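I opened this entry to keep a record of what I looked up, step by step, in the structure shown below.

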Amino acid sequence: MLDAPTLTFALVLDDLVLAAALWLAIPARERRGVAAWCASLALQALAFALVGVRGGGGAALAASVVAVNAATALSLTLQLSSLHALYRRPFARPWHLAAVLGCALCAGALAAHPGPRIALLSLGYAAIMIAIGLVARRLHGAEPGRGNRLLAYGSLAGGGVMVLRAVAAAIWPERVGGLHGAVPAVSAFVAQAITLATSLGFLLMQRERQELAIERLAMTDSLTGVYNRRTL
């Protein structure tokens, strides 16, 4: 098993490289919702970095706990907003503030009680991830594409992992926090695998949307919008 500093470096580097690759893979004119998704990955990298350097106790520990959970909450709501931006659907920005404040207040109030804190926050993250999965399927319509399915199933799996993490925190609070030990390391790798799957799903959604637009241009008259002779 990797030691904590090496694991932290790997997780942070993975998120940053994934964000850069996603940004460069999509043309500038087609980056609908991409900025929010890349910001989400950057915030997740920040959260991993803060957990990796966490130490001491008292006010410093409480501040680190609050910052990590606020960054994680904003990361998830940014993913939700990026899906709405991809399909040009409105997204209420106060949801960002509500999620950040809710998780920060919960983290600060329970900073000295890791078991209840991790359990409650994990359930909150599970709710947001399940919402992301449901939105990914609903926005596409009756027949979601491959990208929508990959993102939806990955997010729903992530929600399930968060529920299991909440249960583990309630039973073994001393084994779940931080990045030290086998259980936190495995859960971090699982979370990163889910992040990779959902990000690839988002990239595939972008490509499928572009393909549909090209197909629509090839099948319809640009002036009237009716099917052209090639289609008939």
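This is a predicted model: local features need pLDDT of at least 70, side-chain atom pairs count only at pLDDT 80 or more; totals for chains, interfaces and linings use all residues.

**Core.** I began with the largest nonpolar core, which has 34 residues, and asked which of them touch the most other members. They are Leu-22, Leu-83, Tyr-125, Leu-151 and Phe-202. I then traced where this core comes from, and found that helix 1 (4–25), helix 2 (34–52), helix 3 (58–86), helix 4 (94–109), helix 5, helix 6 and helix 7 (182–219) each supply at least two of its residues. Helix 5 gives the largest share, 9 residues. I noted beside this that nonpolar side chains tend to be buried together in soluble globular proteins.

**Leu-83.** Next I listed the contacts of Leu-83 beyond its neighbours within four places in sequence, and these are Ile-132, Val-135, Ala-136, Leu-139, Leu-151, Phe-202 and Met-205.

**Gln-79.** With neighbours up to four places away left aside, Gln-79 is in contact with Trp-37, Ser-40 and Ile-132.

**Ala-119.** I turned to Ala-119, which lies in helix 5 and is buried because its relative accessible area is 14%, under the 20% limit. Outside the four places on either side in sequence, Ala-119 touches Ala-166 and Ala-169. I also noted that the C-alpha atoms of Ala-119 and Ala-168 are separated by 7.9 Å, although these residues are 49 apart along the chain.

**Cysteines.** How many disulfides does a search of the whole structure find? It finds 0. For Cys-106 I checked the closest cysteine sulfur, which belongs to Cys-103 and is 7.1 Å away, so the two are too far apart for a bond, given that a disulfide needs sulfur atoms within 2.5 Å. Cys-106 counts as buried at 18% relative accessibility, and Cys-38 counts as buried at 9%.

**Surface.** Last, I looked for nonpolar side chains on the outside, and found a surface patch formed by Leu-123, Val-163, Val-167, Ile-171 and Trp-172, with about 440 Å² of accessible area together. Helix 6 (residues 146–171) gives the most to this patch, with 3 residues. Leu-123 is found in helix 5 (residues 114–140), and I recorded it as partly exposed because its relative accessible area is 44%, which falls between the limits of 20% and 50%.

Technical notes: Residues are numbered from 1 along each chain as its sequence is written. Side-chain values use heavy atoms; hydrogens and water are left out. Patches are made of residues with over 30% relative accessible area and no salt bridge: like charges are joined within 9 Å, nonpolar side chains (Val, Leu, Ile, Met, Phe, Trp, Tyr) within 5 Å. Accessible areas come from the Shrake-Rupley method with a 1.4 Å probe; for residues, only the protein chains shown count as cover. A salt bridge is a side-chain nitrogen of Lys or Arg within 4 Å of a carboxyl oxygen of Asp or Glu. Helices (H or I, at least four residues) and strands (E, at least two) are DSSP runs, numbered from the N terminus. Buried means under 20% relative accessible area, exposed over 50%, partly exposed in between (1.4 Å probe, protein chains only). A nonpolar core is a set of buried Ala, Val, Leu, Ile, Met, Phe, Trp, Tyr and Cys residues joined through side-chain atoms within 4.5 Å. Contact means heavy atoms within 4.5 Å.
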